[in-house]
Amino acid sequence: MRTTRAQLKEATQALVIDAASRLFMQRGFAATTVRDIAEASAVSPGTVMAVGDKPALLVRVFDDLVAALQREWAGADPVASAPGESCADGLLRVVRPFVTLFTDHPGLSRCYVSILVSGNHSSSLLTDLADRLVEQFGEVIVTHGVPAPQSRDRARALYAAYVGTLLLWASRSTVDPDDVAADLRATFDAICPGKE
């Protein structure tokens with residue numbers, strides 16, 4: 001079977017993204033050059049740039065990590081609450097994999113957030129994942145007494161508060177996952193049902 005041009009292009013993109021991911025994780029964003037990525041993926045710097053500039057590659061790496069987390073969710077029900085679980089704890093459970101991703105890689109997370117805030121690159125974090133999290137937030141708060149017709153607006157407010165909390169965290173010099181979780185829990189608790 002012959003390899004098509006599209007298959008070769010896809011394979012080359014995968015090599016470049018894999019090399020960028022590995023190098024960003026090992027060296028950090030600033031210390032990794034396009035030439036390093038080219039060398040690690042056995043392609044030219046021009047080929048790397050055809051896949052994306054360094055910021056675009058970091059966005060792609062994080063989006064791929066987020067997509068992997070979403071695939072892990074596919075067989076699980078992140079919305080199902082444990083007996084006696086508060087609304088805020090239910091919401092925190094939904095976002096914990098993403099918080100862990102961001103707190104495990106604080107330097108890369110800050111770069112990722114700054115790239116997104118610049119407006120020069122888009123991400124599934126702000127589109128597909130946002131829609132999914134708003135939906136899941138709505139499901140959690142409905143189980144805690146918010147009428148379904150009001151859940152979408154409240155879920156959007158919770159999502160905005162979640163993103164805002166992560167942006168505030170990204171501006172800090174140190175990262176403590178427990179502090180991030182506590183900040184999110186307090187934010188969620190302020191918006192959750194019964195907190196009118």
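**Figure 1. Surroundings of S151 in the predicted model.** Apart from neighbours within four places in sequence, S151 is in contact with G138, I141, V142 and V146. The structure shown here and in the other figures is a predicted model. S151 is located in helix α8. Its relative accessible area is 10%, and residues under 20% count as buried, so S151 is buried. The side chain of S151 also reaches the backbone oxygen of A148, at 2.8 Å.

**Figure 2. Surroundings of S41.** S41 belongs to helix α2. With a relative accessible area of 5%, S41 is buried. A polar atom of the S41 side chain lies 2.7 Å from the backbone oxygen of I37. Neighbours within four places in sequence aside, the contacts of S41 are L15, V16, A19 and V48.

**Figure 3. I37 and its contacts.** I37 provides the backbone oxygen that lies 2.7 Å from a side-chain polar atom of S41. Not counting residues up to four places away in sequence, I37 touches V16, A19, A20, L23, F24, T32, V48 and L57. V16, A19 and V48 are also listed among the contacts of S41. I37 is one of the residues that touch the most other members of the largest nonpolar core.

**Figure 4. The largest nonpolar core.** This core has 53 residues, of which F24, I37, L91, V95, F137, Y162 and F188 touch the most other members. At least two residues of the core come from each of α1 (5-27), α2 (34-41), α4 (54-73), α5 (87-104), α6 (106-118), α7 (128-143), α8 (148-170) and α9 (177-191). Helix α5 supplies the largest share, ten residues.

**Figure 5. The stacked pair F62 and Y112.** The search of the whole structure finds eight aromatic pairs. In the pair shown here, the ring centres of F62 and Y112 are 4.6 Å apart and the planes stand at 20 degrees, so the pair is stacked. F62 is in helix α4 and Y112 in helix α6, so the pair ties together parts that are 50 residues apart in sequence. F62 and Y112 are both buried.

**Figure 6. The edge-to-face pair F102 and W169.** F102 and W169 form an aromatic pair with 6.3 Å from centre to centre and 70 degrees between the planes, an edge-to-face arrangement. Because F102 lies in helix α5 and W169 in helix α8, the pair ties together parts that are 67 residues apart in sequence. F102 is buried, with a relative accessible area of 3%. W169 is buried as well, and its relative accessible area is 2%. F102 and W169 belong with F62 and Y112 to one aromatic cluster.

**Figure 7. K54 and the ring of F29.** The charged end of K54 sits over the ring of F29. The distance from this charged end to the ring centre is 4.5 Å.

**Figure 8. The protein chain as context for the close-ups.** The secondary structure consists of nine helices and zero strands, and the elements follow one another from the N terminus as α-α-α-α-α-α-α-α-α. The chain has 196 residues, and 39% of them are buried. For contacts between residues at least 6 apart in sequence, 67% join residues at least 24 apart. The protein chain exposes about 10400 Å², of which 54% is supplied by carbon and sulfur atoms.

How values were computed: Residues numbered from 1 in each chain as written. Predicted model: local features only at pLDDT ≥ 70, side-chain atom pairs only at ≥ 80, totals over all residues. Heavy atoms only, no water. Core = buried A, V, L, I, M, F, W, Y, C linked by side-chain atoms within 4.5 Å. Buried < 20%, exposed > 50% of the residue type's maximum accessible area, 1.4 Å probe, protein only. Helix = DSSP H or I, 4+ residues; strand = E, 2+ residues; numbered from the N terminus. Contact = heavy atoms within 4.5 Å. Phe/Tyr/Trp six-rings, centres within 6.5 Å; stacked < 30°, edge-to-face > 60°. Lys NZ or Arg CZ within 6 Å of the ring centre and 35° of its normal. Areas by Shrake-Rupley, 256 points an atom, 1.4 Å probe, with all protein chains shown as cover. Polar contact = N/O pair within 3.5 Å; in protein donor to acceptor, adjacent residues only side chain to side chain.
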